Amino acid sequence: MNNPSVRFKTLLVLVPISALVLALLLSVIILKTIPKTTQIRHFHVQNHLQAAYSACEGTLYPELCVSTIAVVPDLPSKSLPELITAILHQTMYEVRLSSANITNIGKNLKSYNALEETAINDCLELFDYTVAELKLVLFDLAPKRLPVFKTNKHDLQTFLSAAMTNQYTCFDGFARSDGHVRSIIKNGLHNISHHVSNSLAILNKVHGVNKSKSEAFTEHKRVKNGFPTWLSWKDRKLLQASVNETKFDLVVAKDGTGNFTNITAAVATAPNNSDTRFVIYIKAGAYFENVEVERKKTMLMFVGDGIGKTVVKASRNVVDGFTTFRSATVAVVGDGFIAKGITIENSAGPSKHQAVALRTGSDLSAFYKCSFVGYQDTLYVHSLRQFYRECDVYGTIDFVFGNAAAVFQGCNLYARKPNPNQKNIFTAQGREDPNQNTGISILDSKIAAAADLIPVKSSFKTYLGRPWKEYSRTVIMRSYIDDSVDPAGWLEWNGTFGLSTLYYREYMNRGPGSNTSARVTWPGYRVINNSTEANLFTAGAFIQGNEWLNFTDIPFSLGL
C-alpha cells in the first residue's frame with residue numbers, strides 16, 4: 001500500500017484525468033462568459049462558408065468562386081441561380097474594368113504598332129459582346145423568369161460559352177505582337193473567363209437543368225425536313241424558293257440596276273434590331289469589299305445568284321497587320337443571319353497565313369448552298385449556334401475553326417494544295433472549358449482533296465483536325481472521307497496538349513480514308529459504336545435546331 005512506485009503510477013493516471021476535467025470546467029466557464037451573440041455569429045460564419053464551398057464544389061476555379069460568393073448576404077438561403085447571378089454581376093464589373101483598362105492602354109502607350117491597335121479595338125468590341133451576352137443570361141436568371149429558367153438552359157449555356165470565348169479571342173489577338181499589352185491584360189481576361197467557367201459549372205448543378213454531361217450538343221437534335229426547327233417555315237420557304245419567287249427588301253447590283261452597287265451600303269440601310277426578316281438580294285458579280293453585319297443588324301438575309309456567281313472577295317491577313325478576327329472578308333454578328341447562294345472568298349493566298357473568308361458570331365445563323373474559299377483559317381465559326389447545309393469549304397490549315405456550336409449537313413470540305421512543308425488540317429475546334437456546349441459536328445458530308453491537291457496529294461499530309469484549345473470537340477458522322485486523309489486521322493497541336501481532354505469521335509463514315517484501324521490512340525479519341533451517342537451531335541440536339549431552323553427556309557435534318 002505505501003509502495004512509492006505504486007503511488008507514482010497512480011499519480012501518472014490521475015494527472016491527465018484531472019487535467020481533462022479541469023479543461024472541461026474551464027471551457028464551460030469560458031463559454032458562459034462569451035456572449036451568446038458571439039457564439040451565434042461564429043456559427044453563422046461557419047454555415048456561410050460551408051454554403052460557399054458546397055456551391056463551388058466541382059468548379060474549375062473553386063478559390064475564386066468561394067471568394068466571389070462569400071460576400072453574398074445570407075448565403076445559405078440563396079438558390080444556385082441567385083449565386084450565379086452574384087458571380088455574373090462581379091463578372092460584368094470586371095469586364096467593364098478591363099474595357100476601361102485597355103482603353104487607357106491605347107491612349108497612354110507612347111508607341112504601339114498597327115497590329116496592337118487592331119487587337120485593342122477587337123477587345124473593346126468583344127467586351128461589348130460579352131456584356132450583351134451576360135445581360136441575356138441575367139435576364140433569364142431573374143426571379144420572375146425562374147419558371148421558364150430550366151427550359152432555357154441551352155440558351156444560358158450558349159451565351160456563357162460565347163462570353164468566355166470572347167476573352168480568349170481578345171487575348172489571342174496579341175499573339176503576334178512584340179509589345180507588353182498582352183501581359184498587362186492577361187490577368188483581367190483570365191479572371192473574367194474563370195468567373196464564367198464557374199457560372200457554367202454551377203449551372204450544371206441546378207436540379208433539372210442538365211441531365212447528363214453528354215448533352216452539350218443538344219442544340220442540333222431536333223430537325224424537320226432537313227433543317228433545325230429554330231428555322232421558321234417562312235425562312236425555310238425563303239431558302240428553298242428560287243430568286244424569281246423571292247420578295248426582296250433591297251437589291252445590290254454592280255451594274256447599277258439595284259438600290260446599291262455595294263453590299264456595305266445596303267447593310268447600313270437595313271433596319272436595326274429588327275425582329276422580322278429583311279432580305280437583301282445581291283445580283284451576280286464580284287464585290288471587292290469587306291462586309292460587316294454588326295450586332296444591331298439582326299434578322300438579315302443575303303440572297304445571291306449562286307455559288308461562283310455572286311462572289312464577295314477581299315484579302316486581309318495577319319502578315320499584312322490584321323488580327324485573325326479582323327481579317328474576315330465577311331464578318332457577321334447580328335443574330336438570326338441567313339445566307340444563300342453566295343461565294344465568300346479571302347484571296348490573300350497560302351503565304352499570308354491566317355486569312356478568314358467568313359467569321360460568324362451570329363446566334364441561330366444559317367448558310368445554304370454557299371461556298372467559303374481561302375487557305376489558312378477560311379471559315380471562322382467563332383461562337384454561338386450555326387448551321388451549314390450543302391455548303392462548300394476550301395482551305396489548307398485549320399480551315400474550319402472556332403468555338404461555336406456548328407453543324408454541317410451535306411457539305412463538302414476540300415483540302416487545297418498548301419505551300420511546301422505545310423500540312424492540311426480540316427478542323428481546329430477551340431473549346432476552352434468542359435462545360436461549354438460547343439463543338440463542330442460534320443454529318444452526311446464529304447471530306448476530300450480539292451482539284452489542285454489531287455495530283456500531288458501524296459506529297460502533303462492531310463488530317464481531319466487538331467486541338468486548338470484544351471477541350472477541343474469535333475465529331476464526324478456518316479460522311480465520305482477520301483484517301484488524302486492520313487491513316488492516323490488526327491494531328492497533335494503541340495506535344496501532348498489536349499490529347500486527354502479533347503473529344504474527337506467518328507461514326508459510320510465511309511470511303512478509303514474512313515478506316516479507323518490505324519487511328520491515333522489518344523485518350524480523348526474513339527469511334528462511336530452506338531446511335532445514342534451519335535444523336536447528341538445532330539442538328540436537333542446540338543444546336544436546338546427544332547427551335548429555330550423552321551424560320552430559315554433551309555432544308556434540314558434534326559437527327560441521324
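## Cysteines and a pocket

At 1% relative accessibility, Cys411 counts as buried, where buried means under 20% relative accessible area, exposed means over 50% and partly exposed lies in between (1.4 Å probe, protein chains only). The model here is a predicted one, so local features need pLDDT of at least 70 and side-chain atom pairs count only at pLDDT 80 or more, while totals for chains, interfaces and linings use all residues. Residues are numbered from 1 along each chain as its sequence is written, and side-chain values use heavy atoms, with hydrogens and water left out.

**The disulfides**

- You'll find 2 disulfides in the structure, a disulfide being a pair of cysteine sulfur atoms within 2.5 Å.
- Number the bonded cysteines of the protein chain in sequence order and the pairing reads 1-2, 3-4.
- Cys123 and Cys170 make up another disulfide, with their sulfur atoms 2.0 Å apart.
- That disulfide, between Cys123 and Cys170, is right-handed because the torsion about its S-S bond is about 95°.
- Cys123 sits in helix 5 (residues 114-141) and Cys170 in helix 7 (residues 153-172), so the pair ties together parts that are 47 residues apart in sequence; helices (H or I, at least four residues) and strands (E, at least two) are DSSP runs, numbered from the N terminus.
- Cys123 is buried, at 0% relative accessibility, and Cys170 is buried too, with a relative accessible area of 0%.

- Cys391 is buried, with a relative accessible area of 0%.

**The second largest pocket**

- The second largest pocket holds about 450 Å³ of space.
- Of its 23 lining residues, Asp172, Thr324, Gln354, Asp377 and Trp468 are the closest to its centre.
- Helix 7 gives the largest share of this pocket's lining, 3 residues.
- By class, the lining of the second largest pocket has 11 nonpolar, 6 polar and 6 charged residues.
- A pocket is an open set of points on a 1 Å grid over the protein atoms alone, where a 1.4 Å probe fits, with protein on both sides within 12 Å along at least five of seven lines; lining residues have an atom within 4 Å of a point.

Key: Grid points are joined across faces, edges and corners, and a volume is the space filled by probe spheres set on the points. Ala, Val, Leu, Ile, Met, Phe, Trp, Tyr, Cys and Pro count as nonpolar, Asp, Glu, Lys and Arg as charged, and the others, Gly among them, as polar.
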